[in-house]
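Biologist: Hi! Could you walk me through this one while I have it open?
Modeller: Happy to, let's take a look together.

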Amino acid sequence: MTSDQNDSRRGHRVTLHDVASVAGVSKSTVSRVLDERLPWSDSETARKVRRVAQDLGYIRDVAAASLRRGQSMTIGVIVPRLTDTVMAMLYEALARSSARVGRFAMVATTEDDPGQVRIAAESLLRRGVDGLVLATAREGDDFPDELKDRGVPFVLALRTDGSNPSSVGDDQLGGYLATRHLLDLGHRRIGLIAGPDYASSARLRKAGYLQAMEEAGIPPDPTLIVQSTFGIESGAIAAKTLLEQPDRPTAVFAMNDNTAIGAMTAMLRLGLSVPEDVSLVGYNDIPLVRLLPTPLTTVRVPFDQIAFEAIDLLCGTVPRKESDVRKATPTVIPRQSTIRRP
């Protein structure tokens, strides 16, 4: 590095003009190469520009660029909680998809409290985010419509209200596939640990379960369906209720992997073996479930695709419909927690 370059680093903030001068290219070329919103170039010129920018200590003034565009290049993400692995995986996928379009994802949590959703949204909007991704939609919640009336760009993720732009997994198909897997193994008395009715994901997975049972000619049995939350302890309580029946189910479909982990714990406490006594299926395919002493059969949700579609709905150039709901296809991942019924 020359003494002039050292002086430029010490004396003032390094500008695009400084980088262009040292690299021997135009200022517009430097701007294009260093704009993370544009496709990455690996040309000789681009490599030289990036090397010079690093040597000079150039730091892109994101705030100034945002003011010029009238955008903060930041997206607000609202999730119930990051201690829920599913929500953490969704946020990480949204952060990756946001970065691909030159935006930074900022997260806020709500403990799945509708009142806290409003507080989190207002806090993010005061910080100038360009739009919101909500993973907190509830049955009967009018907050998304309030945002729409205010002209706030937003998209729903993982859960949908059916009337606003959403990116979700095909939950009814996933519930159907999980139940169909157990039916194909010869199970007929299949318990369901159903999630909270306020979440579209839980309602639709239950609908898929009922669809598969009906197709198999098995009438609905209310004693085989137990409500729960999405938590581990709730799954254990629900499983205990199912398995202490005189005619207990030979298989259980749990609404998510957390409730399945809770169910597995309850089964072990009751002296039951998985899968010899009871087969078990979860939902989401969080990393932990493949490492359990009995690896869990589950339904894999393509979080990266859901995140990509959510960011495209929020930031894409293709016009969207108000009720545009994009569904990603889930797949069953068979592991050792399910076997053919003897």
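Biologist: What is the strand order in the open sheet of four strands?
Modeller: The order is 7-6-8-9, with parallel pairing. Keep in mind that this is a predicted model.

Biologist: Which are the edge strands?
Modeller: Strand 7 (225–227) and strand 9 (279–281), each of which pairs on one side only. On average, neighbouring strands in this sheet are turned by 15° against each other, direction ignored.

Biologist: And how many bridges join strand 6 to strand 8?
Modeller: Four, between residues 190–194 and residues 251–254. Within that pair, Gly 191 stands opposite Val 252.

Biologist: Which strands does helix 9 touch?
Modeller: Helix 9 (residues 171–184) packs on the sheet against strand 6, strand 8 and strand 9, and its direction makes about 170° with that of strand 8. Helix 12 (residues 257–269) also touches strand 6, strand 8 and strand 9, at about 160° to the direction of strand 9.

Biologist: Switching topic: what caps the N-terminal end of helix 6?
Modeller: Asp 84 does, with a side-chain oxygen 2.9 Å from the backbone nitrogen of Val 86. After the helix comes Gly 102, with a positive phi near 75°.

Biologist: Which residues touch the most other members of the largest nonpolar core?
Modeller: Leu 90, Val 133, Met 267 and Leu 280, in a core of 68 residues. Helix 13 gives the most to this core, seven residues.

Biologist: What does Leu 90 touch, leaving out residues up to four places away in sequence?
Modeller: Ala 135, Ala 157, Leu 158, Phe 303 and Ile 306. Leu 90 is also one of the buried residues of helix 6.

Note on methods: Residues numbered from 1 in each chain as written. Predicted model: local features only at pLDDT ≥ 70, side-chain atom pairs only at ≥ 80, totals over all residues. Heavy atoms only, no water. Buried < 20%, exposed > 50% of the residue type's maximum accessible area, 1.4 Å probe, protein only. Helix = DSSP H or I, 4+ residues; strand = E, 2+ residues; numbered from the N terminus. Polar contact = N/O pair within 3.5 Å; in protein donor to acceptor, adjacent residues only side chain to side chain. Core = buried A, V, L, I, M, F, W, Y, C linked by side-chain atoms within 4.5 Å. Contact = heavy atoms within 4.5 Å. Pairing = 2+ DSSP bridges. Axes fitted to C-alpha atoms, helices over the stretch in contact; angles between N-to-C directions.
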